[in-house]
Amino acid sequence: MSWEDELDEFARVRGPALVGYGYLLTGELHAAQDLVQDAFVRTFARHRAGTDADRIEAYVRQAMLNIYRDDYRKRRTWFGVRPLVAERAAYGSPDVVAADRVDVHAALGRLSPRERACIVLRHYDDLTVPEIASRLAVSEGAVKRYLSDARMRLEPLLDDGADDVDVIMLKGTGR
Amino acid sequence: MTFDAELHDLAGRAVDAHVRSDGFATAAVKGRVRRARRVRTTAAAAGTLAVVALVSTLGVAAAQDWWERPAPADTPTPAPTEIGPTPVPEVEPVLAGWQDAGVDPDVFGDATVTSAVSVDGRAVVVGCAAATGTPVGFPAWVADDPTTWRRADPPPTIAFDQLGECLRDVVATPYGLFAHGFGLYHSADGEAWEQVSLDSTLAAPGTFVMAVFAVGDRVTVLGARATDEGAVVPTLVSTTDGVTWTEASPDLAAVFDDASVVDVVSTGDRLLAVGNRNLGTTEAERGTAITASAWVSTDGLTWALVTPEGPGFDGCDMGEVAVTAAGYAAIGSCPFGSMLMTAWSSPDGTTWSQDAQPAAEGEGSLASQETTAVTLVGEDLYATGQDYDPSRLEDQSQGALWRKLPGGQWERVDVTETGVVPFLITEVDGTAVGFWPGAGWPISTPVRVLVPAE
């Protein structure tokens, strides 16, 4: 199978889930699709034919993280400015994806890129703090700081305040 | 609905919306991939031609300078292509007293290096596969002279093509070399590696190796596993013959309860470990209460915590330690403190104090600095790390270099002015070699091998 065929097949089978992952990072459907396509380019530009799909997906996910962490913000406004100028568009009129999930969508939109990446990796990818540190190339202490700050930012924006924060902090993987 | 479930639901909605919108066509992606592949092929061919031509016509010495200055005007160039002459890469100068060894950067690919050791005149270096780019395979390299580096043979039957995989450390012991990171590996000569499975304790799911250290005839592995409550349970397993491994009493390992050991140095008759400890007892507390910590041992089994809790330590973690003429220097960060470049000094390994921190440069509380590597060059200390400031529209993560001269304080310096600095200094066939960049440098930078200037 040529790399072109592998790309088609991979995009068909794994693309949608990767867009979902990208959406959690970017908060916008089109941005998520762009992010996935950029990651496809980085991955398949160096792709060796015959690599299994799970491994390709690992490459693409890591590429998405790196692009999001290092490049994505260059094309966007800084998160600290964005709520002031885009609050109505982003939160008042949530896109079709977040129509009745505006609270979580808005909450994620308040986070810095690193905080958001840490939250997604911890609560969506179910990674441990050391694993997150490795993926983002920062120290474990820094990951703890980003998670702690993110949880404080999320607290007032989620449904029932403190109860949800307890859920966020204590629930889940137990790691 | 829990927060985790909310995230999964949100992602699921994005998937549905993506599918409803017919997804995306891959034709444009393929076009970009083809262009990227053409550029890579052209660049690789041009680079190879340029290096071969340079070496064959000007000799090795000239080739060694290739990284330091533009090629001479009469340097043969590859055949012209549609995209014009190959640009000479713009590279930083080298620290005074050192020079580039002229090692082909392709040997290291997109990897970074994390640890180096010298045994019987041979240098062995381990590192991290790049988070993007070409998988480098098993990230270990060997050299018998400063300019000729080659890839080590990976353990058989194990695939090493994950991006971002790291070997954090390589240690010389009486029973050969041990490297650890995404597993524990052994080599008799640094050339051929095999995976090590110690026993069921260390092989238990969730167990990872934090450190390997040797003192006298004892080699010890410090392993740990995480509990469901987020606690870290350590294990010490050691050998005195290189064959039989024995788990030490849990009481001995308890000094590392809820700890993360990041670096260990040996000073002949003593070991010094640095890292951090969690001070909380719940998962939430463990996520926010850390303190920079150091431990010492004379036999690798009985360790003593030597750092206090409180100002100068709480909220911080130590990342790497160097032996200096005045004692020891450790670097790290304070993610729950100042968030500035952080370093500590000790005259004896047991009494530690935090150094004065360079002033903040970023935008208030959002900016942070993280120091990840330290090296002693002559009498001067250098540290690298990253400077993160989300208020910057571009390059939020920037590499940062700090210097501490004898009797002075840490100061931020510009690598374009100081030149690149040798980290992980070791020895090959009697010649010192160092590597740039130091671990944790956030910018993709080819590994440069540095040697003392002639």
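## Helix 1 of chain B

Let's start with helix 1 of chain B, which covers residues 3-20: its 18 residues reach 26 Å from the first C-alpha to the last, close to the 26 Å expected at 1.5 Å a residue. That expected span is 1.5 Å times one less than the number of residues in the helix. Helices (H or I, at least four residues) and strands (E, at least two) are DSSP runs, numbered from the N terminus.

Several residues of this helix are buried, among them Phe3(B), Leu7(B), Leu10(B), Ala14(B) and His18(B). Buried here stands for 20 or more other C-beta atoms within 10 Å of a residue's own, with C-beta atoms placed from the backbone. Just after the helix, Asp22(B) takes a positive phi of about 70°.

## About the model

This is a predicted model, in which local features need pLDDT of at least 70 and side-chain atom pairs count only at pLDDT 80 or more, while totals for chains, interfaces and linings use all residues. Residues are numbered from 1 along each chain as its sequence is written, and chains are lettered from A and ligands numbered from 1 in the order in which they are written.

## Ser115(B) and its surroundings

Next, find Ser115(B) in strand 2 of chain B, residues 112-119. Ser115(B) counts as buried because it has 23 C-beta neighbours inside 10 Å. Leaving aside residues up to four places away in sequence, Ser115(B) touches Val126(B), Arg168(B), Asp169(B), Val170(B) and Leu424(B); such a contact needs C-beta atoms, placed from the backbone, within 7 Å of each other. Asp145(B) is 30 residues from Ser115(B) along the chain, and their C-alpha atoms are separated by 18 Å.

Strand 3 (residues 122-128) and strand 4 (residues 140-145) of chain B pair in the antiparallel sense over four bridges; two strands pair if DSSP finds at least two bridges between them.

Strand 4 of chain B is also joined by four bridges to strand 5 (residues 148-151), again antiparallel. These two strands form a hairpin with two residues between them, and Asp145(B) stands opposite Thr148(B) in strand 5.

## A four-stranded sheet

Further along chain B, four strands form an open sheet in the order 18-19-20-21, with antiparallel pairing. Its edge strands, strand 18 (317-324) and strand 21 (353-354), each pair on one side only. Strand 19 (residues 327-333) and strand 20 (residues 342-346) of chain B are joined by five bridges, and Ala329(B) has Ser345(B) in strand 20 as its bridge partner.

Notes
Buried ≥ 20, exposed ≤ 12 C-beta atoms within 10 Å, placed from the backbone. Contact = placed C-beta atoms within 7 Å.
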